[in-house]
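Me: I have a model open and would like to go through it with you. Could we begin with the overall picture and then turn to particular places?

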Amino acid sequence: IYLLYISPLLCRRLHLNKKATDKQPYSKLPGVSLLKPLKGVDPNLINNLETFFELDYPKYEVLLCVQDHDDPAIDVCKKLLGKYPNVDARLFIGGKKVGINPKINNLMPGYEVAKYDLIWICDSGIRVTPDTLTDMANQMTEKVGLVHGLPYVADRQGFAATLEQVSAILLYFIGVSFQQYVIETVTALCLSGSSCLLDPCITEQIAPPLMSQQPSHNSAAKRAFTLALKAPLPTRGWKFAMATQVAMQNSGSYSISQFQSRMIRWAKLRINMLPATIICEPISECFVASLIIGWAAHHVFRWDIMVFFMCHCLAWFIFDYIQLRGVQGGALCFSKLDYAVAWFIRESMTIYIFLSALWDPTISWRTGRYRLRCGGTAEEILDV
């Protein structure tokens with residue numbers, strides 16, 4: 001348990017928010033094709049997209065992919081295409097069905113015409129800085145097949161935004177996140193698909209076979225494509241790398257109920273793709289872990305269980321705050337009291353989220369419903 005604290009702290013201290021070393025001259029950086037899946041509009045969409053048109057990178061193209069012909073995101077895309085005529089950008093409408101994953105279906109027209117050596121898949125809610133792509137490209141070495149950004153949440157107004165920002169640290173970098181983003185970045189078991197830069201060898205050798213499988217063998221939800229890459233990479237000698245900059249999530253639509261639904265959906269994915277999660281995840285949460293360790297300390301050292309529980313939770317609370325400040329790279333946009341309330345609410349929700357995920361294995365995402373199977377496969381639930 002204590003390794004969950006120390007390793008992320010060291011990883012963050014040594015890697016995150018550090019200026020990446022230029023491993024090759026700026027003019028010789030490989031070309032990148034950015035695949036941008038879009039559906040619907042939120043208040044921050046145009047500002048988020050515009051940051052990709054202002055990247056400081058020698059060769060890249062922006063491939064905007066929209067599934068539906070009446071999607072309001074099309075007007076936003078056309079506005080940006082007109083505003084930045086010198087940026088190599090194109091709009092694709094309609095998608096191409098290759099399986100049940102709607103995100104992959106949406107991206108396929110852009111993927112098929114991508115002209116550069118590297119593929120960057122990045123969600124619509126992500127905001128970047130001018131040097132984000134340069135940072136990711138510099139992590140690409142001969143043996144690295146995929147570079148991903150650690151998901152984090154941008155500063156926004158309201159308590160729901162505070163809850164998401166606090167939970168981002170707990171989910172992605174401590175507890176369950178330690179499993180996903182420290183151990184598994186090395187062993188290639190699991191990572192986030194919010195922002196991933198792929199080597200062309202991976203997209204040619206692994207992605208097309210996965211996407212051309214029968215629907216019952218395709219993963220069903222947002223992160224399933226990158227999760228599906230986990231098995232072949234180690235056997236082919238590929239490694240993962242983490243960008244020094246976080247993948248800044250800046251969705252303009254957020255609420256506590258949306259956050260809770262998303263946490264339940266992700267828990268369902270983890271349980272089905274990594275069955276050991278059923279045992280490991282509950283005992284890695286603060287309150288449950290503190291009770292178990294307190295019970296053990298009482299029987300071994302005759303310490304008072306409740307005193308140990310309170311002290312252990314306090315230490316957990318402080319370490320989480322230190323980690324949050326470190327990933328933020330500066331002052332937080334909310335008070336310590338707001339942090340304390342958000343932290344307590346998030347920790348109190350964990351058991352409910354986990355039990356809800358176990359109770360119903362179906363996932364509702366975008367306009368579809370899917371039934372998950374053990375091992376990460378899924379089938380679409382069609383209304384009769």
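This is a predicted model: local features need pLDDT of at least 70, side-chain atom pairs count only at pLDDT 80 or more; totals for chains, interfaces and linings use all residues.

Me: How many helices and strands does the chain have?

Reply: The chain has 16 helices and 13 strands. Of its 384 residues, 55% are buried. Among contacts with a separation of 6 or more, 80% are between residues 24 or more positions apart.

Me: Moving on to α5, is that helix mostly covered or mostly open?

Reply: Helix α5, residues 132–139, is mostly covered, as 8 of its 8 residues are buried. They are T132, L133, T134, D135, M136, A137, N138 and Q139.

Me: Which strands do the buried residues of α5 pack against?

Reply: They pack against β1 (32–38), β2 (60–66), β4 (118–122), β6 (144–148), β8 (195–198) and β9 (239–242).

Me: Now for the helix pairs. How do α14 and α15 pack?

Reply: Helix α14 covers residues 286–301 and helix α15 covers residues 305–328; their axes are 8 Å apart, at an angle of about 140 degrees. That angle makes α14 oblique to α15. The crossing of α14 with α15 is right-handed.

Me: Which residues meet there?

Reply: From α14 there are C286, F287, A289, S290, L291, I293, G294, W295, A297 and H298; from α15 there are I305, F308, F309, H312, C313 and W316. The residues of this contact between α14 and α15 comprise 12 nonpolar, 4 polar and no charged.

Me: And what lies in the loop between α14 and α15?

Reply: R302 is placed in that loop. R302 has a positive phi of about 60 degrees although it is not a glycine.

Me: Is R302 buried or exposed?

Reply: R302 counts as exposed, because its relative accessibility is 63% and the cut-off for exposed is over 50%.

Me: What about α15 with α16: at what angle do the axes cross?

Reply: The axes of α15 and helix α16 (residues 336–359) cross at roughly 115 degrees and come within 11 Å. Here, too, there is a right-handed crossing, with α15 passing α16. On the α15 side the contact is made by C313, W316, F317, D320, Y321 and L324, and on the α16 side by K336, Y339, A340, W343 and E347. By type, the residues of the contact between α15 and α16 are 8 nonpolar, no polar and 3 charged.

Me: One last topic, R265. Where is it placed, and is R265 buried or exposed?

Reply: R265 is in helix α12, residues 256–273. R265 is buried, because its relative accessible area is 16% and buried means under 20%.

Me: Leaving aside neighbours within four places in sequence, what is R265 in contact with?

Reply: R265 is then in contact with I363, S364 and W365. R265 and S364 are 99 residues apart in sequence, yet 7.9 Å apart in space, C-alpha to C-alpha.

Terms used:
Residues are numbered from 1 along each chain as its sequence is written. Side-chain values use heavy atoms; hydrogens and water are left out. Axes are lines fitted to C-alpha atoms, for helices over the stretch in contact, and angles run from 0 to 180 degrees between N-to-C directions. Helices (H or I, at least four residues) and strands (E, at least two) are DSSP runs, numbered from the N terminus. Angles under 35 degrees count as roughly parallel, over 145 as roughly antiparallel, 65 to 115 as roughly perpendicular and the rest as oblique. A crossing is left-handed if the near helix is turned anticlockwise from the far one by less than a right angle, and right-handed if clockwise. Contact means heavy atoms within 4.5 Å. Ala, Val, Leu, Ile, Met, Phe, Trp, Tyr, Cys and Pro count as nonpolar, Asp, Glu, Lys and Arg as charged, and the others, Gly among them, as polar. Buried means under 20% relative accessible area, exposed over 50%, partly exposed in between (1.4 Å probe, protein chains only).
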